[in-house]
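Biologist: Before we use any labels for this model, I would like to hear the grounds for each of them. Could you take them in turn?

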Amino acid sequence: MPAPLSPAGLRRVLVVLCATEVISWGILYYAFPVLASAITADTGWSLSTVTAAFSTGLVTSALAGIPVGRWIDRHGPRVVMTAGSLVGVPALVGIATAPTLPWFFASWVLAGLAMAGTLYPPAFAALTRWWGPRRVTALTAVTLLAGFASVIFAPLTAVLVEASDWRRTYLVLAVVLAVTTVPAHLFGLRGPWPDPEPVAHAADDDPGAIARSRPFVLVVLAVGLGSFTAFAVIVNQVPLLVERGLTTGEAAWALGLGGLGQTAGRLGYGWLVRSTSVRGRGVVILLATAATTGLMAAVPGPTPLLVAVAVLAGTARGVLTLFQATAVSDRWGATHYGRLGGILSAPVMLATALAPWAGAALADVLGGHPAMFVVLAAVAVVAAGCALGSVPRTAGNVGVRGPVRRDRPPP
């Protein structure tokens, strides 16, 4: 049995993943929305086509995440996260130099493979196994800091594209990814990969059976539908607020302040774990997502009230990310977290890819964003209903105040 990481080693892993998640999300995900218009103007490709290439990368990430999770379960995150960072460099170079649309799409497929090896799912798997009973603390820290990826990289990307063009901007970002995340993953994620926790019940030792079980299917639906609502809200919030009479600048500020609510939600997740059962926690989080989405549809103004609702919606989004991160370990332990987490993350990435288009399409069909937000709230209510049945009978913490035995630090 390998020796566990020392406290210093655990801190090193956490610091590395906090930094690389900010950089990876910022470059591989958040740079694109800033550069999309410039790409369209320069190439003549339509915005919908350019966005479809980005969405193709997200779908690739969702599909590749399942074998990535299996690898991490067996061997740890160092190789796969280093490889993901390495693959991201030629992917970004390919995007930057794409002379044709097929080349552009192929480069985003490669970027999708890089995302599968660098974004939340592999980081969650690493922290869940290495940090063991204190995993909630580590997961909260990494998602809290990764929330600043857009705050840092969206303005940075805007400055770079204004100073040059979108192609040179992606080349600069490729260099940043190469000199930061590659060595950080290679040298910072070293150390013995601990043996999996012993399962509490024999039924939890078969990941295939778990993945086919009714509770797992329901938790996948709960997280996937909740994430669809959350991402559709993010993308369509500014148009909704503009319809309510805010200027584009005011609506953008409201979206930004919603990010502060997201931070507050993640900071409060530890209290939520201690105060609720596994089943109750999922239902509360998804009903909060539904309620805040419905409020955005119902509240016509004034501006301060609209901003307050946007902050509440951000708070619900913040805890939803941690609900996803802990859904597997709360129910089935950490033994097969990588594989099961990869399966769970697939619909989340698909929701991320489809939500922008689906939200805008619903707004067109329904005659405006308020009606679309009502539909999104209903989707979140359905997700909460799925969460009700998502806890297996073998889970040792059903009906207690959170996963005390698994998530409370030892004395």
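This is a predicted model: local features need pLDDT of at least 70, side-chain atom pairs count only at pLDDT 80 or more; totals for chains, interfaces and linings use all residues.

Biologist: How do you know that the radius of gyration of the protein chain agrees with that of a compact globule?

Modeller: For 411 residues, the globule rule gives a value near 22 Å, and the protein chain has 21 Å, so the two agree. Along its principal axes, the C-alpha trace spans about 55 × 45 × 35 Å. Of the contacts with a separation of 6 or more, 83% join residues 24 or more positions apart.

Biologist: What secondary structure elements does the protein chain hold?

Modeller: The chain has 17 helices and 0 strands. As for burial, 53% of its 411 residues count as buried.

Biologist: Why is S107 called buried?

Modeller: Buried requires a relative accessible area under 20%. S107 has 7%, and therefore it is buried. This residue sits in helix α4, and beyond its neighbours within four places in sequence it contacts A91, G94 and I95.

Biologist: Why is F105 called partly exposed?

Modeller: The class runs between the limits of 20% and 50%. F105 has 25% relative accessibility, so it counts as partly exposed. F105 is also in helix α4. Setting aside residues up to four places away in sequence, F105 touches T49, A52, A53 and T56. Its C-alpha atom is 33 Å from that of T326, which is 221 residues away along the chain.

Biologist: How do helices α2 and α4 pack?

Modeller: Helix α2 (residues 47–75) and helix α4 (residues 101–118) meet at an angle of about 35 degrees, with their axes 7 Å apart. The crossing of α2 past α4 is right-handed. In this contact, 15 residues are nonpolar, 7 are polar and none is charged.

Biologist: What makes a set of residues a nonpolar core?

Modeller: The members must be buried residues of the nonpolar types listed for a core, joined through side-chain atoms within 4.5 Å. The largest such set has 97 residues, and L17, I39, F104, W108, L127, W130 and Y170 touch the most other members. Helix α1 (residues 7–43) gives the most to this core, with 17 residues.

Biologist: Which residues does L17 contact, leaving aside its neighbours within four places in sequence?

Modeller: L17 is in contact with M81, A123, A126, L127, V142, H185 and L189. Apart from this core lies another, of 24 residues, including L241, L246, V307 and M372.

Terms used
Residues are numbered from 1 along each chain as its sequence is written. Side-chain values use heavy atoms; hydrogens and water are left out. Buried means under 20% relative accessible area, exposed over 50%, partly exposed in between (1.4 Å probe, protein chains only). Helices (H or I, at least four residues) and strands (E, at least two) are DSSP runs, numbered from the N terminus. Contact means heavy atoms within 4.5 Å. Axes are lines fitted to C-alpha atoms, for helices over the stretch in contact, and angles run from 0 to 180 degrees between N-to-C directions. A crossing is left-handed if the near helix is turned anticlockwise from the far one by less than a right angle, and right-handed if clockwise. Ala, Val, Leu, Ile, Met, Phe, Trp, Tyr, Cys and Pro count as nonpolar, Asp, Glu, Lys and Arg as charged, and the others, Gly among them, as polar. The radius of gyration is taken over C-alpha atoms; the globule rule is 2.2 Å times the number of residues to the power 0.38.
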